[in-house]
Amino acid sequence: MTAPIEADVAALSYEAARDELIQVVSRLEQGGATLEESIQLWERGEALATRCEEWLIGARKRLEDARQGGASSGDAAAATQPGNGEEL
């Protein structure tokens, strides 16, 4: 995957990444794209799916922290927010 695709996707909210992923899957299922276009769509879809997973992992961690009375809600939100420079 190329760095511009990853950088572009890293800025997306969960909802934006999910909605675009739905569009990518639909285009792939419809067929009719060239091999090169299909590969680009597949790569974009992989990046979008990874972004969605990052958001979901972060949300799960925040819920677990809240249940356990871990870090304050502000600290937990900042620590698990995707795109803050830390890997989830």
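Analyst: Start with the network: Asp8, Glu20 and Arg44 are linked by salt bridges. A salt bridge here is a side-chain nitrogen of Lys or Arg within 4 Å of a carboxyl oxygen of Asp or Glu. Side chains of opposite charge can pair when their charged atoms come close.

A word on the source. This is a predicted model, in which local features need pLDDT of at least 70 and side-chain atom pairs count only at pLDDT 80 or more, while totals for chains, interfaces and linings use all residues. Residues are numbered from 1 along each chain as its sequence is written, and side-chain values use heavy atoms, with hydrogens and water left out.

Now the members of the network. Arg44 forms a salt bridge with Glu20, and their closest N and O atoms are 2.6 Å apart. Arg44 sits in helix α3 (residues 35–68) and Glu20 in helix α2 (residues 14–30), so this pair ties together parts that are 24 residues apart in sequence. Helices are DSSP runs of H or I with at least four residues, strands are runs of E with at least two, and both are numbered from the N terminus. Arg44 is buried, at 15% relative accessible area. Glu20 is partly exposed, at 23%. For these labels, buried means under 20% relative accessible area, exposed means over 50%, and partly exposed lies in between, with a 1.4 Å probe and protein chains only.

Asp8 brings in another helix. Asp8 belongs to helix α1 (residues 3–10). Its relative accessibility is 39%, which counts as partly exposed. The side chains of Asp8 and Arg44 are joined by a polar contact of 2.7 Å. A polar contact is a pair of N or O atoms within 3.5 Å; within protein, one must be able to donate a hydrogen and the other to accept it, and residues adjacent in sequence count only if both atoms are side-chain atoms. Asp8 can also be placed against Leu48: the two are 40 residues apart in sequence and 9.8 Å apart in space, C-alpha to C-alpha.

Next, the pairs inside helix α3. Arg51 forms a salt bridge with Glu54, with 3.2 Å between the closest N and O atoms. Both residues lie in helix α3, three residues apart, about one turn of the helix. Arg51 is buried, at 4% relative accessibility. Glu54 is partly exposed, at 25%.

Lys61 and Asp65 also meet in a salt bridge through their side chains, at 3.1 Å from N to O. Lys61 and Asp65 are four residues apart in helix α3, so about one helical turn separates them. Lys61 is partly exposed, at 41% relative accessibility. Asp65 is buried, at 15%.

The protein has four helices and zero strands. Of its 88 residues, 19% count as buried.

Last, confidence. pLDDT is the predictor's confidence in each residue, from 0 to 100. The protein averages a pLDDT of 84, and 72% of the residues score at least 70. Among the elements, α2 has the highest mean pLDDT (97) and helix α4 (residues 73–80) the lowest (54). Where pLDDT is low, the predicted coordinates should not be read in detail.
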